[in-house]
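Biologist: I would like a close look at one part of this model, with the rest brought in where it bears on that part. Please take it step by step.

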Amino acid sequence: MSPNPICSSSESSSTKAWIVHGVLAGAAIAVAIGARTYLGGSKGIRTRVVGIIPARYASSRFQGKPLVKILGKPMIQRTWEMSKLATTLDHLVVATDDEKIAECCRGFGADVIMTSESCRNGTERCSEALQKLEKKYDIVVNIQGDEPLIEPEIIDGVVKALQAAPDAVFSTAVTSLKPEDAFDPNRVKCVVDNRGYAIYFSRGLVPFNKSGNVNPQFPYMLHLGIQSYDSKFLKIYPGLQPTPLQLEEDLEQLKVLENGYKMKVIKVDHEVHGVDIPEDVEKIESFMHERNLS
């Protein structure tokens, strides 16, 4: 399995996305303009890459999820072991605010960065961890700890996509959406333009046709949790104000798009989604049994 760009990486015309409403609008615009100025001087080749696996214990949908056993091994360990196989990563760490997770990770040999409990999402946790690392990196890959079967080729694919798109600050991956997942809000959908840049992400089915039914002929796309960032952008991301679409959908990548930044998307073949709720553990284990994966 080798990831392929949806389209070429040539530049598309720059369109201004919505910025936040009401009294926050002025502040958000000022921060965004400052961020663009900050990023504007960085057009060189981004070569140094660190992978960060953000992990927290207090998940609202599945408390203690990183430590749940998948065929006898902690899920966070399985994610770590698969990520270590990626050839583009110069370093790999786990970022967590929980000592139980940290102890588990150190037990199987992972490097751990302790982060604040105040991080609102995985991107902010990656941003904090990046600033605590001794070495400097050009690209940060956010590898979701609940993707125990993430293929290293996908990690390499999003890194190479960002390296090949100097006008983008973010890259991510999608795969084909299964019809049974069309209306599952835990399965995030994505639409892209004809040059492979993200247009929108939603928990609802997008695009949505007039019949209200799934069109079996349409290539709907499922967003995979992995994403990579330009390290300079990641440092200023927490300072960008939350945006209306981000808050409504509860999807952190929408803040990137709403502030007018470009996000490159690659399409890959990936059969198994991550673990969002306890019932997903059994699905993952069944998949592994069927394919003799240990």
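This is a predicted model: local features need pLDDT of at least 70, side-chain atom pairs count only at pLDDT 80 or more; totals for chains, interfaces and linings use all residues.

Is Cys105 buried or exposed?

Modeller: Cys105 is buried, with a relative accessible area of 0%. The cysteine sulfur closest to that of Cys105 belongs to Cys104, at 5.2 Å, which is too far for a bond. A disulfide needs two cysteine sulfur atoms within 2.5 Å, and by that rule the count is zero disulfides. Cys190 is another buried cysteine, with a relative accessible area of 1%.

A further buried cysteine, Cys126, belongs to α4. The buried set consists of Gly122, Thr123, Glu124, Arg125, Cys126, Ser127, Glu128, Ala129 and Leu130. Charged side chains are part of that set, since Asp, Glu, Lys and Arg count as charged and Glu124, Arg125 and Glu128 are listed among the buried residues.

At the N-terminal end, Asn121 caps α4, with a side-chain oxygen 3.1 Å from the backbone nitrogen of Thr123.

Leu234 is in helix α6 and is buried, with a relative accessible area of 0%. Leaving aside neighbours within four places in sequence, Leu234 is in contact with Thr123, Cys126, Ser127 and Leu130, and also with Val140 and Tyr229. Thr123, Cys126, Ser127 and Leu130 are among the buried residues of α4. An α-helix has 3.6 residues a turn, so residues three or four places apart point the same way. Leu234 can also be placed relative to Val169: the two are 65 residues apart along the chain, and their C-alpha atoms are separated by 8.5 Å.

Helix α4 also takes part in the largest pocket. That pocket holds about 1,100 Å³ of space. It is lined by 38 residues, of which Arg61, Gln144, Asp146, Arg203 and Glu252 are the closest to its centre. At least two lining residues come from each of β2, α4, β11, α7 (244-249) and α8 (253-258). Of these elements, β11 supplies the largest share, five residues. By class, the lining has ten nonpolar, 14 polar and 14 charged residues.

The loop between β10 (198-202) and β11 contains Pro207, and the peptide bond from Val206 to Pro207 is cis, with omega near -5°. The loop between α7 and α8 contains Asp250. Asp250 has a positive phi of about 60° although it is not a glycine, and at 57% relative accessibility it counts as exposed. Asn292 also has a positive phi, near 55°, in a residue other than glycine. Asn292 is in the segment after α9 (279-290) and is exposed, with a relative accessible area of 72%.

Not counting residues up to four places away in sequence, Asp156 touches Ala86, Thr87 and Thr88. Asp156 and Thr87 are 69 residues apart in sequence, yet 6.7 Å apart in space, C-alpha to C-alpha.

The chain as a whole gives the setting for these details. It has nine helices and twelve strands, and buried residues make up 53% of its 294 residues. Among contacts with a separation of 6 or more, 71% are between residues 24 or more positions apart.

Note on methods:
Residues are numbered from 1 along each chain as its sequence is written. Side-chain values use heavy atoms; hydrogens and water are left out. Buried means under 20% relative accessible area, exposed over 50%, partly exposed in between (1.4 Å probe, protein chains only). Helices (H or I, at least four residues) and strands (E, at least two) are DSSP runs, numbered from the N terminus. A polar contact is a pair of N or O atoms within 3.5 Å; within protein, one must be able to donate a hydrogen and the other to accept it, and residues adjacent in sequence count only if both atoms are side-chain atoms. On a 1 Å grid over the protein atoms alone, a cavity is a set of points where a 1.4 Å probe fits but cannot get out, and a pocket is an open set with protein on both sides within 12 Å along at least five of seven lines; lining residues have an atom within 4 Å of a point. Grid points are joined across faces, edges and corners, and a volume is the space filled by probe spheres set on the points. Contact means heavy atoms within 4.5 Å.
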